[in-house]
Amino acid sequence: MRTEDLISTLAAAHGPVDRHRTRRLVLGAALVSFAVAGVAVVLRLGARPDLMQILAEPRAAAKLIFAVGAVLAALWSVLRLSRPGAELSETAAVLALPFAFVLSLAALELSWSPPEAWPALVFGASWSYCLTSIPLYAVLPFALLVLTLREAAPTDLRGAGFATGVLAGSLATLAYELHCTEDAMPFVAAWYAGTIVAIGVLGALVVPRVVRW
């Protein structure tokens, strides 16, 4: 059989490529895992009492904007990095935007406050609880998103793993915000943003070991 005939035979054996399959899988994994994490947070920890008025308080609204922005930036990065040839350097600026936003607000709030108030603004009353809760609620999103990566074709596995970890951490943070009443920007920058980045680093270490093609 000639090479041209072989190629034609192989091409005829397969239907058209579904170009949106990865997008559906990633979006589905993100939505399902956020819903499960949100319900778990409310049932286990309870919702914050002012949840319905959260947008009326500037710092609580900024915290929500940070988490939603981190989810959207990480979601876009994961979708980009799921394709062959895409690298983390192409998405790094977008991925960094929500973190630059919250760090700027944290620096601004500290500059307005007396130094003796800084420990309370950074550590609040629940930093250790936040530090353990966000990774716990990120487990399911991370597991589902890694499974979707196995169905895609990322070539920058460390970059895709980092973006996947950031997305899982951001989804868990958004769910945890349903409960947490700590709204000081230095607290959010230290324990929300810092924990999300730590989960991203963990993703960069784990994904190259479990996603191979």
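**Exercise 1. Helix pairs**

In which hand does α3 pass α8 in their crossing?

*Solution.* 

Step 1. Basis. The model is predicted, with local features needing pLDDT of at least 70 and side-chain atom pairs counting only at pLDDT 80 or more, while totals for chains, interfaces and linings use all residues. Residues are numbered from 1 along each chain as its sequence is written, and side-chain values use heavy atoms, with hydrogens and water left out.

Step 2. Quantities. Two packed helices are described by the angle between their axes and the distance between the axes. Axes are lines fitted to C-alpha atoms, for helices over the stretch in contact, and angles run from 0 to 180 degrees between N-to-C directions.

Step 3. Values for α3 and α8. The axes of helix α3 (residues 58-81) and helix α8 (residues 185-210) come within 11 Å, crossing at roughly 15°. Angles under 35 degrees count as roughly parallel, over 145 as roughly antiparallel, 65 to 115 as roughly perpendicular, and the rest as oblique. Therefore α3 and α8 are roughly parallel to each other.

Step 4. Hand. A crossing is left-handed if the near helix is turned anticlockwise from the far one by less than a right angle, and right-handed if clockwise. The crossing in which α3 passes α8 is right-handed.

Step 5. The second pair. The axes of α2 and helix α6 (residues 127-151) cross at roughly 155° and come within 9 Å. That makes α2 roughly antiparallel to α6. The crossing of α2 past α6 is right-handed.

**Exercise 2. The salt bridges of R48**

Which residues are linked with R48 in a network of salt bridges? Find the partners, then state how accessible they are.

*Solution.* 

Step 1. Criterion. Side chains of opposite charge can pair when their charged atoms come close. A salt bridge is a side-chain nitrogen of Lys or Arg within 4 Å of a carboxyl oxygen of Asp or Glu. By this rule the count is six salt bridges.

Step 2. Pairs. R48 and D50 form a salt bridge through their side chains, at 2.6 Å from N to O. The side chains of D183 and R48 form a salt bridge with an N to O distance of 2.9 Å. This pair links distant parts of the chain, 135 residues apart: D183 is in the loop between α7 (157-176) and α8, and R48 in the loop between α2 and α3.

Step 3. Network. R48, D50, K63 and D183 are linked in a network of salt bridges.

Step 4. Accessibility. Buried means under 20% relative accessible area, exposed over 50%, and partly exposed in between (1.4 Å probe, protein chains only). R48 counts as buried because its relative accessibility is 3%. D183 is buried too, with a relative accessible area of 9%. D50, at 27% relative accessibility, counts as partly exposed.

**Exercise 3. A pair from helix to loop**

How many residues apart in sequence are the parts that R80 and E90 tie together?

*Solution.* 

Step 1. Contact. The side chains of R80 and E90 meet in a salt bridge of 3.3 Å, N to O.

Step 2. Location. R80 lies in helix α3 and E90 in the loop between α3 and α4 (92-112), so the pair ties together parts that are ten residues apart in sequence.

Step 3. Accessibility. R80 is partly exposed at 30% relative accessibility, and E90 is partly exposed at 41%.

**Exercise 4. The whole chain**

How many helices and strands are there in the protein chain?

*Solution.* 

Step 1. Helices (H or I, at least four residues) and strands (E, at least two) are DSSP runs, numbered from the N terminus. The protein chain has eight helices and zero strands.

Step 2. The C-alpha trace spans about 80 × 35 × 30 Å along its principal axes. Of the 213 residues in the protein chain, 43% are buried.
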